[in-house]
Amino acid sequence: MSDFFKNIQDKAYSDIRLYLCPTAFINAPMVPSGVSFRLAGGLKWFGAFSVITVVKNEVIQDRIIPAADINNFLNSLPPELQLQAYKIISRIVSPRASLKLGTHEIKLDQPHVVGILNVTPDSFSDGGRYQNSVEQACDSARTMMKQGASLIDLGGESTRPGAKEISETEEKKRVLPVVKALLKESIPLSIDTRKASVIKAVWKKTPAIFNDVSALSWDSQSLKIAAESKYPVILMHHCGNPEVMQKNPVYNNVLIEVYDWLEQRIAIAEAAAIERHRIILDPGIGFGKNLQHNLELIRGIALFHGLGCPLMLGASRKKLILAFAGDSPPQERLGGSLAIALDAADKGVQLLRVHDVKDTAQALAVWQALH
């Protein structure tokens with residue numbers, strides 16, 4: 001009997017779930033032949049898997065299997081678990097489809113910077129900055145594209161902790177003038193909204209990614225219109241609405257629970273005719289998580305490659321950085337934001353949603369040159 005079965009020999013195979021997380025990351029020029037895998041068709045390679053065994057929601061084993069030994073490990077599994085593992089490995093290594101928005105194509109074989117543009121009065125970092133000036137908002141979008149952004153994420157409703165919902169009419173009034181003014185610029189957009197009518201109004205003017213912090217669960221029409229549009233969607237994990245999500249969030253194992261939740265949302269999206277190749281996943285840093293939860297998600301974000309979708313991380317200037325930077329305002333959290341962005345890029349995250357585009361793009365360029 002293999003070591004794998006020592007802790008599970010009395011368990012029914014139907015109760016066992018395997019999770020495989022790529023680890024021991026290396027870079028293409030240094031890849032030893034036959035002992036590594038390419039991550040999601042991108043620039044990163046990895047030399048081992050962290051194999052997590054869960055029985056009835058309890059982690060009973062977490063072991064590292066070198067890539068060179070993975071076939072022997074798979075052959076030691078019963079057919080039911082072998083099928084699970086093969087499916088996950090296939091998703092980890094499969095190249096991610098490009099994001100296509102009209103004439104724009106964003107290839108996901110390397111990390112991209114997504115610039116944040118909030119036209120809100122109350123967002124935690126830049127609230128009120130562009131609320132009353134369409135031209136200033138457009139200037140910011142142009143500047144971020146010149147500084148190295150591949151995409152601009154435009155939001156008209158704050159979803160920070162404690163934020164209150166606004167009406168569809170108000171959100172459209174904030175977002176649509178900026179969208180209209182940017183049409184001549186041919187800037188690729190994602191729209192940060194929970195409301196089907198808002199994204200639908202945007203789509204009447206231009207292609208855009210539907211970036212929904214509720215993972216298409218808040219509005220009953222979101223799944224339907226997302227399926228019909230054929231544009232990419234971002235499914236973000238959250239726990240509760242913004243007004244209450246930070247009131248004592250509790251998880252037994254945040255990585256596994258967020259993974260399972262996102263897997264369920266993918267299944268719901270696919271059942272609604274939203275193909276997996278159009279889905280981007282975001283673990284939702286700060287959305288119903290405390291400091292320890294956020295750190296565990298960032299450390300273990302490579303686990304989500306096993307779901308076979310591109311990954312987005314939005315941790316720029318967020319409160320978790322205060323644990324290391326003291327009582328600093330959001331605009332003074334650049335160092336922590338860059339550290340998180342580079343760590344995520346090293347783990348194969350394709351989309352980095354940030355406020356400080358110029359500095360993040362520069363840091364990524366130097367990071368890539370050094371590797």
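Analyst: Six bridges join β7 to strand β8 (residues 149–155), and these two strands run parallel; strands here are DSSP E runs of at least two residues, helices are H or I runs of at least four, and both are numbered from the N terminus. Two strands count as paired if DSSP finds at least two bridges between them. Within this pairing, Val114 has Leu151 of β8 as its bridge partner. β7 also pairs in the parallel sense with strand β14 (residues 351–354), over four bridges, and there His112 stands opposite Leu351.

The model is predicted: local features need pLDDT of at least 70, side-chain atom pairs count only at pLDDT 80 or more, and totals for chains, interfaces and linings use all residues. Residues are numbered from 1 along each chain as its sequence is written, and side-chain values use heavy atoms, with hydrogens and water left out.

Strand β7 spans residues 112–118, and seven of its seven residues are buried, that is, under 20% relative accessible area with a 1.4 Å probe, protein chains only. One side carries His112, Val114, Ile116 and Asn118, the other Val113, Gly115 and Leu117, and both faces are covered.

As for nonpolar cores, each is a set of buried Ala, Val, Leu, Ile, Met, Phe, Trp, Tyr and Cys residues joined through side-chain atoms within 4.5 Å. The largest has 93 residues, of which Leu20, Ile279, Leu281 and Phe304 touch the most other members. Helix α7 (residues 254–271) gives the most to this core, with eight residues. Apart from it lies another core of eleven residues, among them Leu108, Ile209, Met312 and Leu351.

How values were computed. Buried < 20%, exposed > 50% of the residue type's maximum accessible area, 1.4 Å probe, protein only.
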